[in-house]
Structure formats: C-alpha cells, structure tokens
Amino acid sequence: SDQQMAALGEDIAENEELRRGDLVFFPDHVGFMVDKDRIVHANSHWMQVVIEPLADVVGRFAETAEMPVLARKRLLITPLSGPGATAVYCTMSKIMP
C-alpha cells in the first residue's frame, strides 16, 4: 500500500544496484528482490507466486501504468540495544537460499 511504501525502508537511488531483500513497489503491488535481477511476487499474470526477471514485471506494468516502478526500498534493521550493535540489512536468505 501507499502507507507501507512511505513507511518502510530507505529509498534506493535509480543508479544503485538492487540486491536480495530489496522491495520494489508497483501500482497496487510489491515484490522482494531475490538478487539484483530477479523478483519474487504473487501476481495475477501467472496466478501464483513466481520468481521472474524484474525487467519482465516492469515491462508488463509499463503497458498500463505511466510510472511502472513507484519506489525501490531497502529495509534496514537495527538492534534495539546491546554493546557493539550494528545495522544489518534484511535478507531473504532463510527463505530463499
């Protein structure tokens, strides 16, 4: 949703390479990047959850939307407390090795 897009993560510049775990927002849709080129998402085109090239998804949205990609976000998770706490990027490594 628009609220999730606004609230989640940090914006990723257009010239910055996407990586595992990044979110890509489309009109009324969102997906997680599996790697720099592929996205996992549930869609009506295939009627299932699929992994496919991001370029293919963007191409389909470009047929009907003036702005096919609304936002690219990176989730940043920081520990609440503890010595030596550092920020770590959220990944999908446990879900998709």
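**Figure 1. Helices and strands along the predicted chain.** The chain of this predicted model contains 2 helices and 8 strands, where helices (H or I, at least four residues) and strands (E, at least two) are DSSP runs numbered from the N terminus. Read from the N terminus on, the elements follow the order α-β-β-β-β-β-α-β-β-β. Residues are numbered from 1 along each chain as its sequence is written, and side-chain values use heavy atoms, with hydrogens and water left out. Because the model is predicted, local features need pLDDT of at least 70 and side-chain atom pairs count only at pLDDT 80 or more, whereas totals for chains, interfaces and linings use all residues.

Figure 2. Strands of a sheet pair through backbone hydrogen bonds, either parallel or antiparallel; here two strands are said to pair if DSSP finds at least two bridges between them. The open sheet has the strand order 1-6-2-3-4-5, with antiparallel pairing. Its edge strands are strand 1 (10-11) and strand 5 (48-53), each of which pairs on one side only.

Figure 3. Strand 4 (residues 38-43) pairs with strand 5 in the antiparallel sense over 6 bridges. Within this pairing, Arg-38 stands opposite Pro-53 in strand 5, and Val-40 stands opposite Ile-51 in strand 5. The two strands form a hairpin with 4 residues between them, and Met-47 in the turn has a positive phi of about 60 degrees.

**Figure 4. Helix 2 across the strands.** Helix 2 (residues 54-62) lies across strand 2 (23-26), strand 3 (29-33), strand 4 and strand 5, and the helix runs at about 105 degrees to strand 5. For such angles, axes are lines fitted to C-alpha atoms, for helices over the stretch in contact, and the angles run from 0 to 180 degrees between N-to-C directions. The buried residues of helix 2 are Leu-54, Val-57 and Phe-61. Seen down the axis of helix 2, these buried residues fall within an arc of 65 degrees, so they line one face of the helix; the arc is that of the directions from the helix axis to the C-beta atoms. The buried residues of helix 2 pack against strand 2, strand 3, strand 4 and strand 5.

**Figure 5. The aromatic pair.** The structure holds 1 aromatic pair, counting rings of Phe, Tyr and Trp (its six-membered ring) whose centres lie within 6.5 Å, with planes under 30 degrees apart taken as stacked, over 60 as edge-to-face and the rest as tilted. The ring centres of Phe-26 and Phe-61 are 4.8 Å apart and their planes stand at 15 degrees, so the pair is stacked. This pair links distant parts of the chain, with Phe-26 in strand 2 and Phe-61 in helix 2, 35 residues apart. Phe-26 counts as buried at 2% relative accessibility, and Phe-61 counts as buried at 18%.

Figure 6. Lys-73 is found in strand 6 (residues 71-74) and, at 6% relative accessibility, counts as buried. Leaving aside neighbours within four places in sequence, Lys-73 is in contact (heavy atoms within 4.5 Å) with several residues, including Met-5, Leu-8, Glu-10, Asp-11, Asp-22 and Phe-25. Lys-73 and Leu-18 are 55 residues apart in sequence and 9.1 Å apart in space, C-alpha to C-alpha.

Key. Buried means under 20% relative accessible area, exposed over 50%, partly exposed in between (1.4 Å probe, protein chains only).
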